[in-house]
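Thanks for making the time this morning.

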Amino acid sequence: MSVPVHPCLHCGACCQNYRVEFSVYELQSMGGRVPDALAHEAGGNRYRMNGTERHPVRCVALADLGNGCIGCGIYEQRPQPCRDFPFASYGCHDTRAKLGLPPLTEGDTQEWPQAA
C-alpha cells in the first residue's frame with residue numbers, strides 16, 4: 001500500500017508564480033537558514049530568491065524530489081514568506097488555475113505524513 005503524498009509535492013505552483021522577498025537576516029551568513037547563493041539583494045535589507053524576480057517565475061529552490069514529485073529543495077531552510085503561504089488558500093487555488101491545475105479539495109487539506 002502506498003503512502004499518500006502531500007499535494008504540494010506534485011504542484012510547485014506557488015514556486016512558479018510569486019516573488020519571494022525576505023529580510024537579509026534570514027540568510028545563513030546573517031544567522032538565518034536560507035543559503036546565500038540562492039538569493040540576491042533586492043534593496044535595503046531585503047533579499048529575493050533567485051528566479052522569482054522575472055517572468056516566467058521559477059524559484060531556484062524548486063526541485064525534482066524523485067518519484068514524480070516536485071517541491072522545495074530547501075524546505076527546512078525556506079524563507080518566511082514560503083512558510084507563511086497558506087495551503088489550499090485563495091492564492092493557492094488561483095495560482096494552480098494559472099498552471100491548469102484543479103483546485104484542492106477539502107479532503108486535500110487533511111494532515112499528510114509528508115509535507116511540501
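**Salt bridges in the model**

Let me begin with Arg46, which is partly exposed at a relative accessible area of 32%, where buried means under 20%, exposed over 50% and partly exposed in between, with a 1.4 Å probe and protein chains only. Please keep in mind that this is a predicted model, in which local features need pLDDT of at least 70 and side-chain atom pairs count only at pLDDT 80 or more, while totals for chains, interfaces and linings use all residues. Residues are numbered from 1 along each chain as its sequence is written, and side-chain values use heavy atoms, with hydrogens and water left out.

The chain runs β-β-β-β-β-α-α from the N terminus, with helices (H or I, at least four residues) and strands (E, at least two) taken as DSSP runs and numbered from the N terminus. Of its 116 residues, 33% count as buried.

There are four salt bridges in the structure, each being a side-chain nitrogen of Lys or Arg within 4 Å of a carboxyl oxygen of Asp or Glu. In one of them, the side chain of Glu21 meets that of Arg48 at 2.3 Å, N to O, and this pair links strand E1 to strand E3 across 27 residues. Glu21 is partly exposed at 25%, whereas Arg48 is buried at 14%. Glu21 also pairs with Arg46, at 4.0 Å.

What about helix H2, residues 90-98? There Lys98 and Asp94 lie four residues apart, about one turn of the helix, and their side chains form a salt bridge at 3.7 Å, N to O. Lys98 is exposed at 54%, and Asp94 is partly exposed at 27%.
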